[in-house]
Amino acid sequence: MNYPVRQKSFKPPKDLAEYPVGTAFPAGHLVETNASWRSLRPVIDAGKCTSCRICWLLCPDGVIHNTKPEGLDIDYDYCKGCGICAKECRQKAIRMENEGI
Amino acid sequence: MGNRKEKRISIRELSDREFFYGHKACPGCGGSLALRLALKVLGERSYAVVPAGCMSAVGFIFPQMAFTCNAIISTFPGTASMLSGVAAGARALGIKDFHAVGFAGDGGTADIGFQALSGAIDRHDKIIYICYDNEAYMNTGVQKSGLTPLRARTTTSPAGKRLKGAVTHKKPMFEIVAAHGIDYAATASVGYPLDYLRKLDYASKVDGTSYIHVFAPCPVGWGYDTSDTVSVAKNAVDCGLWYLAEFSDDKFTLNHKPAAFSSVGDYLLGQSRFHHLGEEDVKDIVAQRDARWSRILREWSFCDQ
Amino acid sequence: MLGQKAFLSGNEAVAAGVRLARPHVIAAYPITPQTTVIERLAEMVEDESLKAEYLHVESEHSALSACIGASAVGARTFTATSSQGLLYMAECLHYASGGRFPVVMMNANRSLALPWNIYGDQRDSLSLLDCGWIQVYAEDAQESLDLIIQGYAVAEHSDVLTPMMINLDGFVITHTYELVSLPAQQDVDAFLPPFRTVNKMDLDHPMSLAFTAGPAYNQAFKQLQHQAVLAASKVILETEERFGQLFGRYYPGLLETLFCDDAETILVTLGSVAGTVRPVVERLRSLGERVGLVRIRYMRPFPEAEIRKALSGAKAVGVLEKDISFGYEGTVFTNVNSALMRAKVMPPRLLNFVGGLGGKDISAIDIERLFLRLKSPDDGETVEFI
């Protein structure tokens, strides 16, 4: 996996003995998503996308992945809907859709 | 370097691994983009040192840890000194092939962290110091820093009847750092990502101190749409208010010379922090830009990478 | 195995102790009267009798910040400072203890400006008593050297993982030459194994360090920090015992007592002043006076139980310190008083003497006068300056 996923099984420490030593904790440990921050959702039009990956390059959150054979895939758990991908896409292959909230 | 052409990193060569993920930076944050891209180039054997500021505040909130490589928060003034310590410690322990890389904001670099940065450059410590410049103290709510440009409105440089935003100029950090005789320094912009990636790659191979000053707009502090971060960063270069350059072997090199500058007025007035400016103010800023560029073109060599 | 003997100043003894402890990284910035420590260390690194990275930092803040960075990859670190320099480090002091980075630091106790003064009092370290470090006060050069070696063993102990500040009175200890026993390197290596910790960045298992902890979690980290400093009490005793067996020099734990078992009048103090009090006590004893001395060695962890035990039979106790919390009383007195009050073992008379500020001399005659003063029924002022 090239990026971390949410650790659904994480239980917050209950007593002192369960806390980390010092202030050191495993890297890439995610317990929350950022999905609720989003009011607009980027949607990739696979027909227009040339997989140039400029959207991936310029995404501040790094959520546009190239892990599926059918094309680029957006991790909506961590996309904040900023719209940079849609704005910078040279093919105009990404549209921002209302999340309806 | 000088006029030698360096190989560019293409998008296809860039690592698919994400080293800064699930962070709590605001949508469209230029700083987080600068950090994410840097770690893609520097890779998993990086120790990231991030002082108090936006990137540390959004990346290490127990138990949510957004860095997937080793990372540590430093004190606000202590980015460079902690970097030196990390590098010295790792070296003394016999650890090889690592990068000690710092990510400090403009205030953390040009103001409170300046002394330690100067010390590290003086020692030629093998560290990479990246200043992500969003031109104000954003984490605390958009207060003026030493890198806030003239006349930008911040919460501590309000635009009123008497004063039109910041009354001081942006410190020329790139040249200040270069004046130390640093091993490598560069300016960059998230609006010119390939140039930035090449400079990171170069810095990763320098046997000494590297400093990269990357222009990283902030939609919240500057007042523009979150989708415009990259285009604002590109416009800053295109209109000549920011520039892409390098310093090494005691020589300055300009990397990008716009055939004609785009409109400074459009750049400024597209951001609410400059909405109070009139035509005369824009003219002043254009005149200052021209004076700086005439000096750059006179004194620096040019090599379009 | 016996080592050598050498005629060393307190600072040189510290440097010798540091060399024996084999730190990986030394970051230092000069300040009087600490300078000769970092000069000797620089020479040792130059002649390669000490293999360490020596960072010439541009401030004390950076000195400690660099040590924290080095500790955060698992390196053993040393720095030294004094006075204004210690204050300039203040942010990093809390950082080191909060992050549980067992840096060992020597502090040359020196007055604080204003007015400017380079001579010894203990207002620098005592004003930072709450910064989460173990604080110990040496009485002479030999103890200084031994404390550096013991300091790493205590600070790096897995139950403790807390930085340690070893205080030497400026000039009186730092610049006074004494005959000092130098332990042999192989014995120190046996006593002090390499630093191992899980509290570090690790390229094989990436970690996030020095993170943020919100209100739901923050206090737990502070409670753990408190537990760690308390746990140091036991570790200090064990370490001193182990040290004694190897090197033949035994230390008395968090505090040292002299004639306290049957003493009616006891002076409590710390640092080099104890060296002035000790012969006075011995002389008064020879004259039949039932006087005693308590020398506090560790201010943190505070020797609460030991203080109660030592002072429980006394009729009059004076706390003599080179420190004052302006507007109230000396900080050492506050701590001693609290330990006694909690146990309800108040001596009939408990007085706070403050002296030696900015290097003002405290003589044997002054000490005799204090023992006389403690016999007088006058309760006097909250603080009596000597």
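These exercises work through a predicted model, with a solution after each task.

**Exercise 1. The contact between chains B and C**

Task: Find how many residues chain B and chain C each bring to their contact, and which element of chain B gives the most.

Solution: 
- Step 1. Count both sides. Chain B brings 38 residues and chain C brings 38 residues.
- Step 2. List the elements on the side of chain B that touches chain C. At least two residues each come from β1 (46-51), β2 (60-61), β4 (70-74), α3 (79-92) and α5 (114-123) of chain B.
- Step 3. Pick the top contributor. That is α3(B), with 11 residues.
- Step 4. Sort the residues on this side of chain B by type. There are 23 nonpolar, 12 polar and 3 charged residues.

**Exercise 2. Strands across the chains**

Task: Determine in which sense β4(B) pairs with strand β9 of chain C.

Solution: 
- Step 1. Locate the partner. Strand β9 of chain C covers residues 207-209.
- Step 2. Read the pairing. β4(B) and β9(C) run in the parallel sense, over 2 bridges.
- Step 3. Find a facing pair. Ala71(B) stands opposite Ser208(C) in β9(C).

**Exercise 3. The surroundings of Ala16(C)**

Task: Decide whether Ala16(C) is buried or exposed, and name the residues it touches.

Solution: 
- Step 1. Ala16(C) sits in helix α1 of chain C, residues 10-21.
- Step 2. Apply the cut-off. A residue is buried if 20 or more other C-beta atoms lie within 10 Å of its own. Ala16(C) has 25 such neighbours, so Ala16(C) is buried.
- Step 3. Name the contacts. Leaving out residues up to four places away in sequence, Ala16(C) touches Leu8(C), Leu145(C) and Leu182(C).
- Step 4. Compare sequence with space. Ala16(C) and Leu145(C) are 129 residues apart in sequence, yet their C-alpha atoms are 6.9 Å apart.

Notes:
Residues are numbered from 1 along each chain as its sequence is written. Chains are lettered from A and ligands numbered from 1 in the order in which they are written. This is a predicted model: local features need pLDDT of at least 70, side-chain atom pairs count only at pLDDT 80 or more; totals for chains, interfaces and linings use all residues. Two residues are in contact if their C-beta atoms, placed from the backbone, lie within 7 Å. Helices (H or I, at least four residues) and strands (E, at least two) are DSSP runs, numbered from the N terminus. Ala, Val, Leu, Ile, Met, Phe, Trp, Tyr, Cys and Pro count as nonpolar, Asp, Glu, Lys and Arg as charged, and the others, Gly among them, as polar. Two strands pair if DSSP finds at least two bridges between them. A residue is buried if 20 or more other C-beta atoms lie within 10 Å of its own, exposed if 12 or fewer, and partly exposed in between; C-beta atoms are placed from the backbone.
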